[in-house]
Protein chains: 2
Amino acid sequence: MKRSRPLKRKPKRPEPKHREPEAVDLRSIDDDPVVQGILTAISQKRLKPGAKLGEDKLAAAFGTTRIHIRQALAHLASRKVVMQIPNRGAFVYRPSWEEAQDIFAARRIIETATVAAAIDRLDKTGKAELKAHMEREARHDRNDRWASLSLTAEFHILVAKLAGNRVLLEMSRELMLRTSLAIATFEQPGEPDCSPDAHPDIGALILARDKAGAIHAMHHHIEEMEQRIRPQEGKGEVDELTAIFQEIGARARAAG
Amino acid sequence: MKRSRPLKRKPKRPEPKHREPEAVDLRSIDDDPVVQGILTAISQKRLKPGAKLGEDKLAAAFGTTRIHIRQALAHLASRKVVMQIPNRGAFVYRPSWEEAQDIFAARRIIETATVAAAIDRLDKTGKAELKAHMEREARHDRNDRWASLSLTAEFHILVAKLAGNRVLLEMSRELMLRTSLAIATFEQPGEPDCSPDAHPDIGALILARDKAGAIHAMHHHIEEMEQRIRPQEGKGEVDELTAIFQEIGARARAAG
DNA sequence: ATTGTCTATATTGTAAACAGTATGGATGCC
DNA sequence: GGCATCCATACTGTTTACAATATAGACAAT
């Protein structure tokens with residue numbers, strides 16, 4: 001029993017009353033698989049600075065559409081992880097020498113502050129997390145280059161997490177990625193990103209609540225990283241996109 | 001005299017050799033008029049947190065197309081200046097109380113560092129710029145609220161510029177915007193963003209190369225800003241409800 | 001009055017076709 | 001052989017139309 005259709009209705013509604021958005025699904029584009037895939041590919045150095053990120057190829061590699069890819073690339077361009085050139089496409093960002101130095105300087109400032117804050121608010125849970133990570137880093141397979149890179153990055157992220165400031169955590173994440181790009185652009189071939197002993201030392205100082213010591217160690221650690229790069233630029237070959245993302249996808253599926 | 005059309009051509013070209021992008025027009029989306037318009041509207045507090053940013057209306061207001069608007073909004077969402085909710089649209093970002101505190105903490109860390117760096121590399125040009133700004137700020141019309149807000153923001157940007165680190169400058173810009181949003185969300189009505197005397201003091205300390213004094217003054221200045229906001233919210237209801245039902249759920253699980 | 005359900009409208013999201021631009025070889029000329 | 005020009009291709013950028021979803025009022029029932 002359908003009711004009669006409404007008879008009176010203004011053809012144009014008056015300005016609708018504004019309703020605030022509240023408690024809604026807050027899924028960010030950062031969780032997007034395409035964004036994550038490209039980010040991990042970069043942090044694992046499978047994607048090198050200057051590599052072209054063709055829209056069609058990415059769409060095929062990820063099994064999605066071009067629009068989706070464009071959105072992801074635009075987001076990464078906003079974060080200075082890819083560079084978009086009009087009518088030519090998107091490329092993995094290649095920082096200038098000056099920018100690389102600025103990135104390291106920014107990390108010294110932010111990460112010395114985060115390590116201090118981490119010590120201030122260190123509790124049982126934090127200690128456990130830190131110990132757990134240090135064990136994983138100690139006993140990991142040093143021949144698995146990709147796992148190595150992921151683990152060393154995770155240490156710095158963990159410290160930022162322990163500091164308990166989400167804004168600084170985001171900034172640290174961003175700076176770490178850009179550090180990867182800076183190192184990939186200017187590294188001498190064959191050297192690791194982090195000296196292998198630095199993390200256990202810093203971790204121990206945090207656990208001992210030696211604030212001055214930890215700050216100094218972190219400062220020195222980042223200085224050491226910076227001293228491994230040189231203003232020469234060598235442009236390497238670029239790997240095939242499909243192969244990279246197929247393997248990353250397989251790993252993600254295996255891990256999940 | 002047109003030549004005969006080429007007769008032999010492989011239907012599919014072999015993978016084209018990769019050419020690196022070099023020395024190209026590097027116009028960023030940050031220069032986009034839509035992005036700039038929304039940013040200045042926010043920093044001048046004409047757009048308040050939670051305000052809806054409809055695509056069609058913006059397109060009409062700026063005299064452009066929806067796609068263009070979408071790109072701009074996506075960029076601003078990446079920078080956490082607007083919040084995008086699926087199928088509902090874009091809104092001016094409204095930080096949580098915790099996030100607001102984190103923003104101020106981050107600013108204390110970064111801006112004390114920038115003010116120190118600014119003193120270290122202060123030269124004639126820098127001194128002149130600083131003096132010029134201080135004069136403008138001293139003699140500006142205090143009744144023009146929008147000019148006031150722009151000027152006070154420019155002071156902090158100028159200090160970041162003098163520090164000579166572009167990465168930190170970007171971060172400061174971003175944090176200042178998010179500070180505007182935090183203040184707009186939690187301010188007591190009628191109070192200004194910055195205390196009017198702080199900037200001349202800090203500027204004088206920089207010119208006198210008093211590093212410790214300038215750092216302390218900047219730290220105090222940002223603390224003062226933070227103390228003007230209060231966690232009062234009109235929408236505590238939502239949190240209350242979720243808290244209630246979370247507890248009920250916990251009881252149910254405990255009973256079952 | 002309050003609540004629930006329905007529907008037209010508004011608005012956002014997506015797909016596909018089209019247009020514009022760069023690219024890399026091929027051609028022709030010197 | 002070296003160099004400028006030209007064109008087919010591939011790619012990016014934009015427009016258009018359409019589909020999916022949310023919104024706010026109207027009506028009905030309690």
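Predicted model: local features only at pLDDT ≥ 70, side-chain atom pairs only at ≥ 80, totals over all residues.
**Helix pairs and sheets in chains A and B**

Residues are numbered from 1 along each chain as its sequence is written, and chains are lettered from A and ligands numbered from 1 in the order in which they are written.

Back to the pair. Helix α6 covers residues 145-163 of chain A and helix α7 covers residues 166-186 of chain A (helices are DSSP runs of H or I, at least four residues; strands are runs of E, at least two; both are numbered from the N terminus). Their axes come within 9 Å and cross at roughly 165° (axes are lines fitted to C-alpha atoms, for helices over the stretch in contact, with angles from 0 to 180 degrees between N-to-C directions). That angle makes α6(A) roughly antiparallel to α7(A) (over 145 degrees).

Which residues of α6(A) and α7(A) make the contact? From α6(A) they are A:Ala153, A:His156, A:Ile157, A:Ala160, A:Lys161 and A:Ala163. From α7(A) they are A:Leu168, A:Leu169, A:Ser172, A:Arg173 and A:Met176 (contact means C-beta atoms, placed from the backbone, within 7 Å). By class, this contact of α6(A) with α7(A) has 7 nonpolar, 2 polar and 2 charged residues (nonpolar is Ala, Val, Leu, Ile, Met, Phe, Trp, Tyr, Cys and Pro; charged is Asp, Glu, Lys and Arg; the others, Gly among them, are polar).

Next, a helix pair in chain B. Helix α8 (residues 198-207) of chain B packs with helix α9 (residues 211-226) of chain B at an angle of about 160°, and their axes are 8 Å apart. Therefore α8(B) is roughly antiparallel to α9(B). The crossing of α8(B) and α9(B) is left-handed. On the α8(B) side, B:Ala198, B:Asp201, B:Ile202, B:Leu205 and B:Ile206 make the contact. On the α9(B) side, B:Gly213, B:Ala214, B:Ala217, B:Met218 and B:His221 make it. The classes in the contact of α8(B) with α9(B) are 7 nonpolar, 2 polar and 1 charged.

Now the sheets. In chain A, 3 strands form an open sheet in the order β1-β3-β2, with antiparallel pairing (strands pair if DSSP finds at least two bridges between them). Its edge strands are β1 (52-53) and β2 (82-85) of chain A, each pairing on one side only. β1(A) pairs with β3 (residues 89-92) of chain A over 2 bridges, and A:Lys52 has A:Phe91 as its bridge partner in β3(A). Helix α3 (residues 66-78) of chain A lies across β1, β2 and β3 of chain A, at about 110° to β2(A).

In chain B, the order of the 3 strands in an open, antiparallel sheet is β1-β3-β2. Why is one side of β1 (52-53) and β2 (82-85) of chain B left without a neighbour in the sheet? Because each stands at an edge with a single partner strand. β2(B) is joined to β3 (residues 89-92) of chain B by 4 bridges. B:Gln84 has B:Ala90 as its bridge partner in β3(B), and B:Met83 has B:Phe91. Between β2(B) and β3(B) is a hairpin of 3 residues, where B:Asn87 in the turn has a positive phi of about 65°. β1(B) pairs with β3(B) over 2 bridges, and B:Leu53 has B:Ala90 as its bridge partner.

Note on methods
Contact = placed C-beta atoms within 7 Å. Parallel < 35°, antiparallel > 145°, perpendicular 65-115°, else oblique. Left-handed = near helix turned anticlockwise from the far one by under 90°.
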